Structures are given as C-alpha cells and as structure tokens.
Amino acid sequence: MLRFLGRIAERAVNKVVVKPPYAVSLEAYTLHQGLFVVDLHADSLLWHRSLLVRSRSGHADLPRLLSGNVGLQVFGVVTRAPFGQSFTRPAGRGDRVTALAVTGGWPLRAWGSLFYRALYQANKLQRLAVQSGGRLLLVRTSADLDDLLARRARGETVLGAFLGLEGVHALRGRLKNLDRLYQAGFRMIGLAHFFDNRAAGSAHGRKKGGLTPFGRDLVQQVQANHMLLDLAHASPRAIDETLDLANGPLLVSHTGVCGVHDCPRNLSDEHVRRIAATGGVIGIGLFEGALPAARLALAARSMRYVAELAGVDAVALGSDFDGGVTVPVDASGLALLTEALLDEGFGHDDIVKIMGGNALRVIRAALPAG
C-alpha cells in the first residue's frame, strides 16, 4: 500500500506535456542517432520504480534513456526537498524525501539521516548496474569513460551512469563524509539545493548567503578529490564566491537563464559569462521554471542565448527529468530536442557539442585516471 502511494505521488509531480510515441524529422533522427548525448541531471533514483523497466510513470528509466540515445546520464541524489517546491519563494520546512523514504521501504537509518539517504541511492544505482546485464556502466574514472565510449562506438546498447549529490547538507558539516561519498561513487557535488546549508546559501533559501568557512574548505577539497563542482541552486553570492575561489571548469547541471526567463532559479548574464570563462558548461533544463513553459523550442532558445553570450562551447543539456517537474517529453523523445536545435538554426557540429560533447569535455577533465 505504501509503495502504491509513492507511485501515485510521482505521477502527481513528474508530468510530461507530450507522451510517446514521438515523431521526428528524418534529418533530426539521423543526426541524433549519431550523437553521444550527455544529460547532466535526472533525479530518477528518488522514486519507487525499477529503472531497468520501461515505465508509464515519470520521465526516465534505462529503456527510455537508451531509446533517446543517451550515452551518459548524471543521476542527481536528492536527500531533502520541500513539499510544494517553488523557485520564487523561500523553501518551507517540510521534507518530501522523508515521505518517499518511508513509503519506498528505504532502510530505517535513511529515514532520518540525510547522509545515509545519499549512500542508499548510490547503492541502489550500483545494484541496478549489476542487474542490468551490462547495459548500465558506472563511470567513476576516465578509464571507465573511455570504456563506455569504446563500447558505444562498437554499437553496444549501454548507458553510462554518473553520480552527483544535490546539496551538501547531506555531509552534515563533515569533510570526512565527502571522502565516504567519493568511495561510494560520487563524482559531482552540488553546493546547494532548496535550503541554505552549512556550506553555502541557496537561491531559494531565507538568507541566500555566500560560502561559509566550511564551504570554502569544501570547495577546495571537492576539486582536490577530482570531483566536479555544480552551482545549480546556489545563491548568487555563493556562485560569485565559488568562482573567485575555485580552479578549473565549473558547471551548472540544470538551470535556465534570466535573459529568457527571469526567475531567482536562473543564471544572470554575468554568471553565464564567468562560468563559461572557467571552461565550464551551463546545463539548460527542460522544465517549467528554467523555461517560461515546458517547451523544447524555449530550451533551444535558451541554448542559443548562452551560445551568443558566452560561446557554443558553454552550452549543455541538464533535463531535470524526474525532478518533481513538468517537462515537454520523456527521455525517449530527446531527438525532438535535436530537431528544435536545428529549427533554432544551430549547425550539426554545434549540436554535437551541445548535446554531449561539451559536457563530456568537462567531465573528462575532472575525473581521476583510474
């Protein structure tokens, strides 16, 4: 009964505007099938369904990601999120993930501990990889990434899986917990989510402060550990201070831009330029909030805006599939985004970069060798 309630809850929040099957032009289909698609953010590990089975719920699972020709999926790990999440007002005090942990049969320790919620979802992804029959490959090192690329080049039907933490509140203010998450496979660390935390302010927080002394130590340790820093959901001040402190490419895994949709959740022109100047990327989301409405044409327009502002090498995809949001299509319909980019006037070489090449460059630069 509890799991049934969890599935009902997902259907209420993870909505799709247009459901499959999807029709796409021959040009877009042919181009899309030749891409190595990287999606920088999906919250699919949070929900109560097997990701090895095609589902009618939510936005993404292994069959739908493979149908959408995704080569590498970053799975975000959410450990706390408000009920009735909003991008325009401070987050409330409730916690939707506690309800999901209880209804989903998570271990009792994960009901109350944000850190063990992160470990539980990491272990869940590891189990899925083992059970996938070789169709799901965990990417932790550049050697893993090379193996994935080689297998895809041989025509194998395989999806790379990459773990990212959405908000360092899960660390409980302890740097040693970062090392434990590294050992569990995490290679991307988002400073904030919906709440201010001990390291950094959130764009949706009550104080929206910058980096704390712990946050400054954390930024340096993340980069020393060969992990990517993700600025999604961070407050403007926290973004500025991280940019002043960090070395190497930074990214925003899933966002919009204020030049297309003026929202506290989205990036200013200055931040787009500064993140691009690090050699990093801006993952444009497909969800309403990052965009004025959940339409692929608006996502393509946002990508055009970033390209004109900071160069096409700064543009990437960060869908936010299964993030408690409304999106235009599910993962199996990503060829329609390629079609929208063609309609926006992007050439084939630019689309190769936007749909995966740029993100792949940044991820490879951060990963340990193996």
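Guide: Angles between helices run from 0 to 180 degrees between N-to-C directions, along axes fitted to C-alpha atoms. The model discussed here is predicted.

Visitor: Why are helix 6 and helix 8 called roughly parallel?

Guide: Helix 6 (residues 114-131) and helix 8 (residues 175-183) pack at an angle of about 15 degrees, and their axes are 10 Å apart. Angles under 35 degrees count as roughly parallel, and helix 6 and helix 8 are therefore given that description. Helix 6 passes helix 8 in a right-handed crossing.

Visitor: Which residues of helix 6 and helix 8 meet?

Guide: From helix 6 come F115, Y116, A118 and L119, which meet N177, R180 and L181 of helix 8. By class, this contact has five nonpolar, one polar and one charged residues.

Visitor: What makes up the contact of helix 13 with helix 14?

Guide: L337, T338, L341 and L342 in helix 13 meet H348, I351, I354 and M355 in helix 14. The contact has six nonpolar, two polar and no charged residues.

Visitor: How many residues line the largest cavity?

Guide: The lining has 19 residues, with D43, Q85, H193, F194 and G323 nearest the centre of the cavity. By class, six are nonpolar, seven polar and six charged. The space in this cavity is about 110 Å³.

How values were computed
Residues are numbered from 1 along each chain as its sequence is written. This is a predicted model: local features need pLDDT of at least 70, side-chain atom pairs count only at pLDDT 80 or more; totals for chains, interfaces and linings use all residues. Side-chain values use heavy atoms; hydrogens and water are left out. On a 1 Å grid over the protein atoms alone, a cavity is a set of points where a 1.4 Å probe fits but cannot get out, and a pocket is an open set with protein on both sides within 12 Å along at least five of seven lines; lining residues have an atom within 4 Å of a point. Grid points are joined across faces, edges and corners, and a volume is the space filled by probe spheres set on the points. Ala, Val, Leu, Ile, Met, Phe, Trp, Tyr, Cys and Pro count as nonpolar, Asp, Glu, Lys and Arg as charged, and the others, Gly among them, as polar. Contact means heavy atoms within 4.5 Å. Helices (H or I, at least four residues) and strands (E, at least two) are DSSP runs, numbered from the N terminus. Angles under 35 degrees count as roughly parallel, over 145 as roughly antiparallel, 65 to 115 as roughly perpendicular and the rest as oblique. A crossing is left-handed if the near helix is turned anticlockwise from the far one by less than a right angle, and right-handed if clockwise.
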